[in-house]
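I opened this model today to look at its sheet and its nonpolar cores. My notes are below, in the order I looked things up.

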Amino acid sequence: MKILIMGSGAVGGYFGAVLSRAGHEVVFIARGSHLEAINSSGLRVKSDAMGAFEVQASAMERPDGSWKADLVLYCVKGYDNHTGVPTIGPAVGDGTVVLTLQNGMGSVDALAAAYGREAVLPGLTYVDATRTGPGAVSEFGLKAPDIVFGEEDGSESDRVARVRDALEVEGIDVKVADDITKELWSKFIYICGLSGSTCITRSTFDQVVMTPHTLEFVRSIMREAYAVSQALDVNIAADYVDTTADYFVSIKGENTSSMYTDLMRGSPIEVEVLNGAVARMGAEVSIPTPVNSFIATCLSLYHARAMEERGS
């Protein structure tokens, strides 16, 4: 299968590499020194689950229209949708499937507005990875990272079957969801609590969850997001916030947030599609979200400075 990786950082780099190793024709969208490194010496992966390997694959800054993808893995950060969505255009043909693995809320609507709802598949991933340098990605986990996706109506369509078959390679644990909205919101609530609490306190997650007051703060973040999900008729268990908080305590320092990692690096952060999205959707359905609104307001100042320094 011809696969375009839109966003070749930690997530896209890892998945693109394992798909290339499995024999798919993979093209990476990358920039700067990362682009140069992939084209000159390939992409190197160090993986706790898969070991160390490297692949030789093509990379470009943007498609030129001469090559159409069967599948696009859309892995850019939410704050780059304004450039990421149009960038893939020349590689999207009549039968192309765009599978978004982006954190937060909004990418499905943004991609559907550009390419039609029939071209887009909603999905998510659970992967702990980082780009360690130009042409280099590390993945940390005892098992292969997950990709979860599905049709919004729960059907197992022909395109779902094709994508599932393509992604079922060593290094990826694939799940087709019969309720992808539930899966998306479950991760969304989870990551809002994880990312919002660590970023606003500038503390590691083990510090946050092992301190009673900040653990309750995490619960408050998730309760607001859960309340919004219920106003939107999302099918999530009533005890989801409590069971998730208990899980956070049980794993302590084994959990981390990509948004916190970006914050500590001085990079832009995805607060607008996470805690900011809770606040926006809450306002739309008349659900108060004071904690998420506070987090989004405070972190928006940092994010704006980071975007300005990056030249965006």
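These entries go from the sheet to the cores.

**Ground rules.** I am working with a predicted model, where local features need pLDDT of at least 70, side-chain atom pairs count only at pLDDT 80 or more, and totals for chains, interfaces and linings use all residues. Residues are numbered from 1 along each chain as its sequence is written, and side-chain values use heavy atoms, with hydrogens and water left out.

**Sheet.** I took helices (H or I, at least four residues) and strands (E, at least two) as DSSP runs, numbered from the N terminus. Strands pair if DSSP finds at least two bridges between them. I found an open, mixed sheet of four strands, ordered E4-E3-E10-E9. E4 (51–55) and E9 (129–133) each have a single partner strand, so one side of each lacks a neighbour in the sheet. I then checked E9 against E10 (residues 136–139): they pair in the antiparallel sense over four bridges. Thr130 stands opposite Ser138 in E10.

**Helix on the sheet.** With contact meaning heavy atoms within 4.5 Å, helix H1 (residues 10–21) packs on the sheet and touches E3 (43–47), E4, E9 and E10.

**Cores.** A nonpolar core here is a set of buried (under 20% relative accessible area, 1.4 Å probe, protein chains only) Ala, Val, Leu, Ile, Met, Phe, Trp, Tyr and Cys residues joined through side-chain atoms within 4.5 Å. The largest has 43 residues, with Trp185, Phe188, Ile189, Phe248 and Leu299 having the most contacts inside it. Helix H6 (180–201) gives the most to this core, nine residues. Apart from it I noted another core, of 35 residues, including Val45 and Ile172.

Methods. Axes are lines fitted to C-alpha atoms, for helices over the stretch in contact, and angles run from 0 to 180 degrees between N-to-C directions. Buried means under 20% relative accessible area, exposed over 50%, partly exposed in between (1.4 Å probe, protein chains only).
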